[in-house]
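This note is intended for a colleague who is meeting the structure for the first time. The points below may be read alongside the sequence and the model.

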Amino acid sequence: MATTAYPMQTTPRIDPLDPPHRLLMAPGPTNVDPRVLAAMSKPTVGQFDPYMFKAMDEVQTMLRSIFKTNNTQTMVVDGTSRSAIEAAFVSTIAPGDPVLVCCAGRFGMLLKEIAERCDAEVHVIERPWGEVFPLEQIEQAIIEVKPKLVATVQGDTSTTMCQPLEGLGDICHKYGALLYTDATASMVGNDLRVDEWGIDIATTGMQKCFGGPSGMAPITVSDRAVDVMEQRKSIEAGVADGAQEITTNRIRSNYFDLPQIFDYWGPRHLNHHTEATHMLYAMHEAARIIVEEGIDNVIARHRLNGMAMSAAIEGMGLKLYGDQSHRMNDVIGVVIPNGVDDAAIRAQLLNDFSVEIASSFGPLKGTIWRIGVMGCNARKDAVLTCAAALGNVLERNGVAVTPGKGIEAALAVYEAFESGN
Ligand SMILES: *Cc1c(COP(=O)(O)O)cnc(C)c1O
């Protein structure tokens, strides 16, 4: 009988990982703060260890202050940002429920797709990419559709635009709808006031302005939304306290079943998944860094560095993309000059300077670059290094730019800030 040679037998030597040092200036993932990486190397504890519960409680407390909410149900979903989106949708939407999706970019399209996969009756309103919705347009659609859930993207990273949300919660509640927002790329870099703005569910991720690794997704859920989710609450047979806790009208996912996740994070500590211990350590440290600096100071720092980056872009003679009054603080869109080879420029930036920036998607693919100024990269030297490198690569490729003037313009933004003007 022939024996099978498995790949490891024919490839005996695999080198250890030795990833290059990059300056990640795309809109996520961003460089992970060294303090967060250090936290991830701390000792593992068991999932019912009192130390674990203490760490979880502290994460909840810090996340409430970062989300600006008193919601009890504030925690993380284990998975990348979209895991919290899926958890929010599958736990809120029963098949056939009407959902209104506000779509003006790639991530609005993602919300539509996730709502469709929940078998919602999906209604979509659109704006051209690069625009935001006037609240009256959303209200009009709510009146027509009578949705159970209104789904919005706060910062649609694909277009760099930040949807104003203040006042939308009241509108939704007036017509009996819940308000969801995807704040993955905007939160911590832009103001998000969950309670004040009446947002019922907000979700985010760690790899953008939180400055952590990808793979854990903070979420907050209002009591109003919790009530809706708990109408379909059913506890896993193996951990339920009697048959009365098991129902048939269940949420259609076990992993993303938020009421069960609430019980795991709450005083019952009812076993659901195994909390991702070292990711939780990362979340703990990322949140601590934000709370130490103060959430409003962190937002202001993203705004300042975003302004400096946009000044550098204009100063070197490039054009900014989109309505700057609605731009996210932390994502800058740059119009790619005619005839410039997007992929070649980004490859040279990466290979020669180890700097990463991004293109975009859909109608904006190849027409704009997107520069992220996020997390611990929202700082002067990262902005200046990225701007200097981009200017140099463009100049070497024959594009008419003035990189030195770009740097001067960025420095002027910092100087004005430092002198209090
Ligand atoms: C980056 C981003 C996501 C990405 O989700 P992941 O699952 O973490 O890749 C979702 N929504 C928005 C608005 C984003 O910017």
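In which loop is Lys-146 found?

1. The model under discussion is a predicted one. Within it, Lys-146 is found in the loop between helix H6 (135-145) and strand E5, the latter covering residues 149-153. Lys-146 is not a glycine, yet it has a positive phi of about 50 degrees. As background, most residues other than glycine have a negative phi. Lys-146 counts as partly exposed because 13 other C-beta atoms lie within 10 Å, and a residue is called buried at 20 or more and exposed at 12 or fewer.

2. Ser-354 also deserves a remark on its backbone: its phi is positive, at about 60 degrees, although it is not a glycine. Ser-354 has its place in the loop between helix H12 (342-353) and strand E12 (355-356). It is partly exposed, since it has 14 C-beta neighbours inside 10 Å.

3. A further backbone feature lies at Pro-29. The peptide bond from Gly-28 to Pro-29 is cis, with omega near -5 degrees. As a general rule, most peptide bonds are trans. Pro-29 belongs to the loop between strand E1 (23-24) and helix H2 (34-39).

4. Strand E5 is mostly covered, with 5 of its 5 residues buried. Leu-149, Ala-151 and Val-153 point one way from E5, while Val-150 and Thr-152 point the other way, and all are buried. In a regular strand, side chains alternate between the two faces of the sheet. E5 pairs with strand E3 (residues 98-103) in the parallel sense over 3 bridges, and in this pairing Val-99 stands opposite Leu-149.

5. E5 also pairs with strand E8, again in the parallel sense, over 5 bridges. Leu-149 stands opposite Leu-178 in E8, and Val-153 stands opposite Asp-182.

6. Ala-115 can be described through its contacts. Leaving aside neighbours within four places in sequence, Ala-115 is in contact with Phe-89, Ile-93, Val-99, Val-101, Ala-120, Val-122 and Ala-151. Ile-114 has its place in helix H5 (residues 106-117). Ile-114 and Ile-85 are 29 residues apart in sequence and 8.1 Å apart in space, C-alpha to C-alpha. Is Ile-114 buried or exposed? Ile-114 counts as buried because it has 22 C-beta neighbours inside 10 Å, where 20 or more are required.

7. The chain is divided into domain 1 (34-290) and domain 2 (295-418). Their centres, taken over C-alpha atoms, are separated by 30 Å. Contacts between the domains involve 24 residues of domain 1 and 23 residues of domain 2. On the side of domain 1 that touches domain 2, the elements giving two or more residues are helix H3 (50-67) and strand E7 (161-162). By class, this side of domain 1 has 10 nonpolar, 11 polar and 3 charged residues.

8. The last point concerns the ligand. Of the 14 residues around it, Thr-80, Ser-81, Arg-82, Thr-157 and Ala-185 come nearest. Helix H4 (81-92) and strand E6 (155-156) are the elements that give two or more residues to this shell. The shell divides into 3 nonpolar, 8 polar and 3 charged residues.

Terms used
Residues numbered from 1 in each chain as written. Predicted model: local features only at pLDDT ≥ 70, side-chain atom pairs only at ≥ 80, totals over all residues. Near = placed C-beta within 6 Å. Helix = DSSP H or I, 4+ residues; strand = E, 2+ residues; numbered from the N terminus. Nonpolar A, V, L, I, M, F, W, Y, C, P; charged D, E, K, R; others polar. Pairing = 2+ DSSP bridges. Contact = placed C-beta atoms within 7 Å. Domains from an automatic or database assignment.
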